[in-house]
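The following note collects comments on the structure shown below.

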Amino acid sequence: MLEAFEQLLLPAECTLCRALLSFPNSRRLVCDVCRHRWRAVCPPWCERCGQPEPLFGPCRLCATWPDALHTARSAVWLEGGARAAVHALKYGALPRIADDLAEAVARIPLPATRRAWLVPVPLGPKRQRQRGYNQSERLARALGRRWQRPVLDVLVRVRDTATQTALAPGARLANVAGAFAVRNAEGGTRNRSAFPLPTSALVLVDDVLTTGATLAEAARALEQAGAHCILAVTFGRAVLPDFS
């Protein structure tokens, strides 16, 4: 009754379109109409990275990925309302919207998720302090509740990197090269000789995939620490002009 009274006085509204939400949906931040406007990423695509097949030749996006990174998939294209939802999560101080994004990610038909551990892509220390939380970690935990899988917060950024948003593909690779490591039991970083990672699949979780440079470098750190089967999921996927 208290929640109903609060909803009467302060009705909940959609973060994206400001439409009023019904009482059963009052805990959501994105209404059903805005969710339906998110355009799903669908095949035909590269079986490995999930990018739509180029007009000619082999896929260039995942050609240099580490061998352990087997599959990457995204839920929706990063445009319109989907972009606004990601911005609300990253820059709008709305970590709770991760639940809405995770609902879309949870529908990705990813193999080997029944025994997988979810690994969020970490932020650098400076950006984490500025933001107050890691959006990928919030997304991973919301996804873990839906998939009923544990979250393994094992990756760290060993240095702050510039934002990838305005960088060209080659510069993106250089920007994140060597930026990740796997933490040990004492909180530092470790190499392959330390205690092993889980033998089941690891699923990297991030908010957006553009060129895949960040996911590939994070997977490389996990591979060097002994991981053999790494998958990746993101909520959004940026549209790359040369793949259209």
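1. A residue is termed buried when its relative accessible area is under 20%, exposed when that value is over 50%, and partly exposed in between. By this criterion E137, at 16% relative accessibility, counts as buried. The model under discussion is a predicted one, and the remarks below should be read accordingly.

2. Overall composition. The protein chain is made up of 8 helices and 7 strands. It has 244 residues, of which 50% count as buried. Among contacts with a separation of 6 or more, 71% are between residues 24 or more positions apart. The chain exposes about 12,500 Å², and carbon and sulfur atoms supply 56% of that area.

3. The largest nonpolar core. This core has 40 residues, and the members that touch the most others are W38, L101, V203, V233 and F235. Two or more residues are contributed by each of the strands β1 (69-77), β6 (202-209) and β7 (230-237), and likewise by each of the helices α3 (80-90), α4 (98-105) and α6 (135-147).

4. Surroundings of L101. Which residues does L101 touch, leaving aside those up to four places away in sequence? They are W38, A85, V86, L89, L139 and F235. Two of these partners, W38 and F235, are themselves named with L101 among the residues that touch the most other core members.

5. Salt bridges in general. The structure holds 12 salt bridges. R28, D32, R35, D100 and E103 are joined in a network of such bridges.

6. R141 is partly exposed, with 35% relative accessibility, whereas E137 is buried at 16%. E137 is assigned to the buried class because 16% falls under the 20% limit.

7. The pair R73 and E47. Here the closest N and O atoms of the salt bridge are 3.9 Å apart. R73 is in strand β1 and E47 is in the loop between α2 (32-37) and β1, so the bridge ties together parts separated by 26 residues in sequence. Are the two partners buried or exposed? R73 is buried, at 11% relative accessibility, while E47 is exposed, at 61%.

8. The pair R18 and E13. This salt bridge has its closest N and O atoms 3.2 Å apart. R18 counts as exposed, with a relative accessibility of 52%. E13 is partly exposed, its relative accessible area being 35%.

9. The position of R114. Where does R114 lie? It is placed in the loop between α4 and β2 (117-120). At 77% relative accessibility, R114 counts as exposed. The C-alpha atoms of R114 and S200 are separated by 9.5 Å, although the two residues are 86 residues apart along the chain.

Note on methods
Residues are numbered from 1 along each chain as its sequence is written. This is a predicted model: local features need pLDDT of at least 70, side-chain atom pairs count only at pLDDT 80 or more; totals for chains, interfaces and linings use all residues. Side-chain values use heavy atoms; hydrogens and water are left out. A nonpolar core is a set of buried Ala, Val, Leu, Ile, Met, Phe, Trp, Tyr and Cys residues joined through side-chain atoms within 4.5 Å. Buried means under 20% relative accessible area, exposed over 50%, partly exposed in between (1.4 Å probe, protein chains only). Helices (H or I, at least four residues) and strands (E, at least two) are DSSP runs, numbered from the N terminus. Contact means heavy atoms within 4.5 Å. A salt bridge is a side-chain nitrogen of Lys or Arg within 4 Å of a carboxyl oxygen of Asp or Glu. Accessible areas come from the Shrake-Rupley method with a 1.4 Å probe; for residues, only the protein chains shown count as cover.
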